[in-house]
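I opened this model to look up its charged pairs, its strand pairing and its nonpolar core. My notes follow in the order I made them.

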Amino acid sequence: MRRRGFVLIVTFIFMLALASIAMVTVSLVSSNTRFTGSQLDGAKAVYLAQAGIESVLRSVRDGHTPPSVPSPITLGDGTIEYLSVGFPAPNALSIDLLGKIPADSLSSGREIKAHVVAVYSDAGTGKFATCSSWKESYE
């Protein structure tokens with residue numbers, strides 16, 4: 001009779017240990033999924049910002065004068081929001097924009113602010129030298 005009680009206690013302790021291991025595993029998988037989603041959002045926001053810069057540079061290369069603040073552009077699951085586009089000097093182009101990825105269930109969202117100054121010798125040649133700064137923030 002005493003032996004059956006001992007087996008019951010050992011089984012209960014074993015089940016508690018298994019439940020603890022399962023909870024730790026679920027917690028690790030969940031945090032890794034969020035971390036990976038956050039990294040992915042950061043990369044997407046950088047690519048969006050780069051696409052916005054290339055869009056304005058292409059416009060100038062093609063001989064068009066871009067508006068001072070183009071309308072926001074939606075690409076994939078993010079947006080490019082232009083803060084300003086201007087010509088601070090006759091051969092220079094200044095672009096300030098945001099690449100935004102909204103928050104979802106797997107990540108907190110990301111926002112990349114880019115400031116680019118492109119200097120060109122002739123808008124028709126398509127040759128630009130760029131200097132840029134990037135600032136990343138969470139939404």
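Entry 1: I started with Lys100, which is partly exposed at a relative accessible area of 22%; buried means under 20%, exposed over 50% and partly exposed in between, with a 1.4 Å probe and protein chains only. The model is predicted: local features need pLDDT of at least 70, side-chain atom pairs count only at pLDDT 80 or more, and totals for chains, interfaces and linings use all residues. Residues are numbered from 1 along each chain as its sequence is written, and side-chain values use heavy atoms, with hydrogens and water left out.

I looked up the partner of Lys100 and found a salt bridge with Glu81, the closest N and O atoms being 3.1 Å apart. I counted as a salt bridge a side-chain nitrogen of Lys or Arg within 4 Å of a carboxyl oxygen of Asp or Glu. The pair links distant parts of the chain, with Glu81 in strand β2 and Lys100 in strand β3, 19 residues apart. Helices (H or I, at least four residues) and strands (E, at least two) are DSSP runs numbered from the N terminus. Glu81 is partly exposed, at 27% relative accessibility.

I then searched the whole structure and found two salt bridges. Besides Glu81 with Lys100, I noted Asp77 with Lys44, at 2.8 Å from N to O. Asp77 lies in the loop between β1 (73-75) and β2, and Lys44 in helix α1, so this pair ties together parts 33 residues apart in sequence. Asp77 is partly exposed at 45% relative accessibility, and Lys44 is partly exposed at 27%.

**Entry 2: strands.** I checked pairing next, which requires DSSP to find at least two bridges between two strands. β2 and β3 pair in the antiparallel sense over eight bridges, and a hairpin of two residues joins them. Gly86 stands opposite Ser94 in β3. β3 also pairs with β4, antiparallel, over 10 bridges; there I noted Leu98 opposite Lys113 in β4.

**Entry 3: core.** I then looked up the largest nonpolar core, which has 19 residues. Such a core is a set of buried Ala, Val, Leu, Ile, Met, Phe, Trp, Tyr and Cys residues joined through side-chain atoms within 4.5 Å. Ile53, Tyr82, Leu93, Ile95 and Leu97 have the most contacts inside this core. The elements giving two or more residues to it are α1 (2-61), β2 (78-89), β3 (92-101) and β4 (110-120). α1 gives the largest share, seven residues.
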